[in-house]
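The report below takes each topic in turn.

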Amino acid sequence: MAPEPAHPAPGPGRVGFVGLGIMGSRMAANLARAGYELTVFNRTRSTAEAWAAEHGGTVAGSPAEVGAAADLVISIVVDGDQVREVLLGDGGVARGAAAGTLCVDMSTIAPAQTRAIGAELAARDLSMLDAPVTGSSPKAEGGTLTIMAGGSADDFARAEPLLDVMGELVVHVGALGQGEMVKLINNSVAAANAATVGEALLVGQATGVDLDALVQVMGNGSGASAMLDLKAGAMRSHDYTTLFKLEHMLKDVRLCLEEAQEAQVPFGAAAQARELLVAAMGRGHADDDFAALVEALEGLAAIRLKA
């Protein structure tokens, strides 16, 4: 039996939520279970209506309606253009929001885009916190995401009760935009580690190693990693059930490399991962889990992994 909803933590006031995709729907559900009454919007209205039928809350016809109904609005969409549209577009949150409304964007976009959007919101007496997440859909469902937030201390304190419902580790990492930068670096390391796992499996198979034994030893030795735990099995079985879309990982790695180039610092492992992700995209795996980058490695090695 599901636990009784808790009373919401004090502080945030009325809450809006924009974006009910793979991650957002689960994150919003945790807020609803915690007792928050949400006003929600999704580009596909039927998705929002289905979510509200299951979890309660009010479905809005536009992000502007969400802004008018909320003191704090969470958004989680695909890219910087969508963030700008839902917050600042003709029907965006800023069109309906009262002065003092806090926009908490949990999408993963370029830090420079975040700062530019934040400046435009500030000119309208609205504030912004960037709070991207790491962790795939099971962690979103379980409320155990890691959340890295950038913005003022006051805005972070205001949003923290909500973030604590959605995440297991919530860290205020610095000024606006720094949440995005930390997220991009983290995901680039994850992509590079996943590529390394795929290469290790292929070398093991080509040299006659028992892959079950290899994974067991690596998992209990210095070769252990989250990507070994999460992706080795998927790579061997070629099961690319989507936990985090390959095209989204490519976007994050690309953005990280752009920031690294601007800072004049090399990130070779991320650059290699980007090329593998691009090649896997070319093989039709854009919507699959990013474990599908192993398809590019298999092509290079002319070897197909065995389960």
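Cysteine 256 is buried, at a relative accessible area of 2%. Buried means under 20% relative accessible area, exposed means over 50%, and partly exposed lies in between (1.4 Å probe, protein chains only). Cysteine 103 is buried too, with a relative accessible area of 1%. The structure has zero disulfides, a disulfide being a pair of cysteine sulfur atoms within 2.5 Å.

The model is predicted: local features need pLDDT of at least 70, side-chain atom pairs count only at pLDDT 80 or more, and totals for chains, interfaces and linings use all residues. Numbering starts from 1 along each chain as its sequence is written, and side-chain values use heavy atoms, with hydrogens and water left out.

**Accessibility by residue**

| Residue | Relative accessible area | Class |
|---|---|---|
| Cysteine 103 | 1% | buried |
| Cysteine 256 | 2% | buried |
| Glutamate 298 | 4% | buried |
| Glycine 96 | 26% | partly exposed |
| Glycine 142 | 48% | partly exposed |

**Cores**

A nonpolar core is a set of buried Ala, Val, Leu, Ile, Met, Phe, Trp, Tyr and Cys residues joined through side-chain atoms within 4.5 Å. The largest one has 36 residues. Phe17, Met27, Val104, Met106 and Leu163 touch the most other members. Elements that each supply at least two residues include strand 1 (15-18), strand 5 (102-105) and helix 8 (153-166). Helices (H or I, at least four residues) and strands (E, at least two) are DSSP runs, numbered from the N terminus. Helix 1 gives the largest share, six residues. Apart from this core lies another, of 34 residues, with Ala191, Leu201, Leu228 and Val294 among them.

What does leucine 163 contact, leaving aside neighbours within four places in sequence? The partners are Val104, Met106, Leu129, Ala131, Ile147, Phe156 and Val170. Contact means heavy atoms within 4.5 Å.

**Helix 12 against helix 13**

Helix 12 (residues 246-263) packs on helix 13 (residues 268-282) at an angle of about 145°, and the axes are 9 Å apart. Axes are lines fitted to C-alpha atoms, for helices over the stretch in contact, and angles run from 0 to 180 degrees between N-to-C directions. On the helix 12 side, the contact uses Leu246, Glu247, Met249, Leu250, Val253 and Leu257. Helix 13 answers with Ala270, Ala271, Arg274, Leu277, Val278, Ala280 and Met281. The contact residues split into eleven nonpolar, no polar and two charged. Here Ala, Val, Leu, Ile, Met, Phe, Trp, Tyr, Cys and Pro count as nonpolar, Asp, Glu, Lys and Arg as charged, and the others, Gly among them, as polar.

**Helix 14**

Helix 14 (residues 294-301) buries Val294, Glu295, Ala296, Leu297 and Glu298. Their cover includes helix 9 (178-206), helix 11 (226-237) and helix 13. Glutamate 298 contacts Leu202, His238, Ile303, Arg304 and Leu305, leaving aside neighbours within four places in sequence. Just after helix 14, alanine 302 takes a positive phi of about 55°.

Glycine 96 lies in helix 5 (residues 93-96). Not counting residues up to four places away in sequence, glycine 96 touches Ala64, Gly67 and Ala68. Glycine 142 belongs to helix 7 (residues 137-142). The C-alpha atoms of glycine 142 and asparagine 30 are 7.9 Å apart, although the two residues are 112 residues apart along the chain.
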